[in-house]
Amino acid sequence: MEDKILNSNTARRIRVLRQLKGWSQETLAHSSGLSVVYIGQLERQEKVPTVETIGKLCNALEISLPRFFTFDDEVLPDNDKYLNAIDSVVSVMKTMPADGAARVARIVDEIDKLSK
């Protein structure tokens with residue numbers, strides 16, 4: 001049971017971190033050197049990433065390994081409000097120029113640091 005929870009959290013974490021950057025699966029795949037199909041499989045829990053794969057994702061997303069594995073309620077609550085809020089932010093970010101979306105991602109990173 002714990003393995004399923006970890007895989008679910010890992011899959012959601014990949015999706016959330018990708019969306020916070022305003023990236024598509026294609027962008028994450030290109031930045032990490034992984035295939036688009038594989039990124040989709042990871043996010044749908046069809047594949048379980050290796051440590052090497054998580055390292056590639058962390059490098060691409062410019063986050064530390066410990067930050068990737070921060071599975072607390074503030075980061076990954078199990079409610080639709082959180083995911084809907086992320087989807088709303090991502091929708092707005094998609095209409096922004098790339099530098100504006102990058103600024104929003106940096107602001108979110110700073111808020112995350114301040115909340116800890």
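A cavity here is a set of grid points where a 1.4 Å probe fits but cannot get out, and its lining residues have an atom within 4 Å of a point. With that in hand, here's a quick tour of this predicted model. There is one cavity of 30 Å³ or more, and helix H2 packs against both helix H4 and helix H3.

**The cavity**

- The largest cavity has a volume of about 100 Å³.
- If you want to find it in the structure, look for Leu 17, Leu 20, Lys 21, Leu 61, Glu 62, Ile 63, Arg 67, Ala 105, Val 108 and Asp 109, which line it.
- Sorted by class, that lining comes out as six nonpolar and four charged residues, with no polar ones.
- Helix H1 (2–20) and helix H7 (98–114) each put at least two residues into the lining.
- H7 is the top contributor, giving three residues.

**Where H2 meets H4**

- Helix H2 covers residues 25–32 and helix H4 covers residues 51–61; their axes come within 8 Å and cross at roughly 105 degrees.
- Angles of 65 to 115 degrees count as roughly perpendicular, so that's how H2 and H4 sit relative to each other.
- On the H2 side, the touching residues are Leu 28, Ser 31 and Ser 32, while H4 brings in Lys 56, Leu 57, Ala 60 and Leu 61.
- That makes a contact of four nonpolar residues, two polar ones and one charged one.

**Where H2 meets H3**

- H2 also packs against helix H3 (residues 36–43), with the axes 8 Å apart and an angle of about 115 degrees.
- H2 and H3 are therefore roughly perpendicular to each other as well.
- As for handedness, this crossing is right-handed.
- By class, the H2 and H3 contact splits into four nonpolar, three polar and two charged residues.

Terms used: Residues numbered from 1 in each chain as written. Predicted model: local features only at pLDDT ≥ 70, side-chain atom pairs only at ≥ 80, totals over all residues. Heavy atoms only, no water. Axes fitted to C-alpha atoms, helices over the stretch in contact; angles between N-to-C directions. Helix = DSSP H or I, 4+ residues; strand = E, 2+ residues; numbered from the N terminus. Parallel < 35°, antiparallel > 145°, perpendicular 65-115°, else oblique. Contact = heavy atoms within 4.5 Å. Nonpolar A, V, L, I, M, F, W, Y, C, P; charged D, E, K, R; others polar. 1 Å grid on protein atoms, 1.4 Å probe; cavity = no way out; pocket = protein on both sides within 12 Å on 5 of 7 lines; lining within 4 Å. Points joined across faces, edges and corners; volume = space filled by probe spheres on them. Left-handed = near helix turned anticlockwise from the far one by under 90°.
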